[in-house]
Amino acid sequence: MEDRRARGAATTAAAGGYGTGARVFHWLVAAMVVVQIPAGIGMTSEPLAALADPLFILHKGLGSVLLLVVVGRVAWRLTHRPPPFPDFIPARERRIAHATHLVLYGLLVLMAVSGYVRTVGDGYPIELLDAIGVPTLLPFMPGMARVMLVVHQFAVVALIALVAVHVGAVLQHQLIAGNPVLERMWPPWSRGRSSEDA
Ligand code: HEM
């Protein structure tokens, strides 16, 4: 195991980890999604009805910031090549990982956009944006808002499932196979071993 770990570490270092920008975006988005999902579930559940108002305000405000961060993250990804996969990742797994990452980006955009349209399209306020004077970008369109509510509810199930696959794959490599993949992305800033581009 030690031997494989050392080999894996050498390969990872050779392949390079992600750059600081990609790491900051990754962990920022992860932390915000970790708040968004329980807040979204909590604010729509009967047992937490007393907390619905503050949770809605938190969810809509943080979600709007997340929309901007996700757009920034996608732009970063499109302009910065990620480091190559380490040699110990087989070709089939690379294809699955690549597809998972792509769909995760798509779902994040879908979640943030559908949440925004569901809210303002139905005429509800986003208190944080109102407080800082950001105008509503869309007209009143309750039909589209209803469609986006369904999109929001289905997309979050897919998002949770894919995050589970993503985290499961990392843990399988890190803890069971002894391949140190986590350090390619952790900590949130690089320590000089990153690929130049990423
Ligand atoms: C990645 C970002 C987001 C995640 C992960 C997320 C997650 C969730 C979850 C788990 C729910 C509960 C769904 C259910 O009832 O089963 C929800 C509902 C909701 N979300 Fe989001 N959300 C995100 C972004 C946003 C944004 C940007 C807004 C608005 C600015 C928003 C507004 C809402 C609203 C209004 C509801 C309640 C829908 C209803 O039942 O009428 N969300 N969200």
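Here are a few notes on the structure above, point by point.

1. A word on the model first: the structure is predicted, with local features needing pLDDT of at least 70 and side-chain atom pairs counting only at pLDDT 80 or more, while totals for chains, interfaces and linings use all residues. Residues are numbered from 1 along each chain as its sequence is written.

2. The protein has 6 helices and 0 strands, where helices (H or I, at least four residues) and strands (E, at least two) are DSSP runs numbered from the N terminus. Buried residues make up 24% of the 198 residues; buried here requires 20 or more other C-beta atoms, placed from the backbone, within 10 Å of the residue's own.

3. Have a look around the ligand, which 24 residues surround, the closest being Gln36, Gly40, Gly63, Met111 and Gly115 (the C-beta atom, placed from the backbone, must lie within 6 Å of the molecule). Two or more residues each come from helix H2 (20-43), helix H3 (52-79), helix H4 (91-120) and H6. H4 gives the most, with 7 residues.

4. Helix H3 has 28 residues and spans 39 Å from its first C-alpha to its last, close to the 40 Å expected at 1.5 Å a residue (1.5 Å times one less than the number of residues). Among its buried residues are His59, Lys60, Gly63 and Arg73. The cover over the buried residues of H3 includes H2, H4 and helix H5 (127-131).

5. One backbone detail to check on screen: the peptide bond from tryptophan 186 to proline 187 is cis, with omega near 5°. Proline 187 lies in the segment after helix H6 (142-177).

Key. A residue is buried if 20 or more other C-beta atoms lie within 10 Å of its own, exposed if 12 or fewer, and partly exposed in between; C-beta atoms are placed from the backbone. Two residues are in contact if their C-beta atoms, placed from the backbone, lie within 7 Å.
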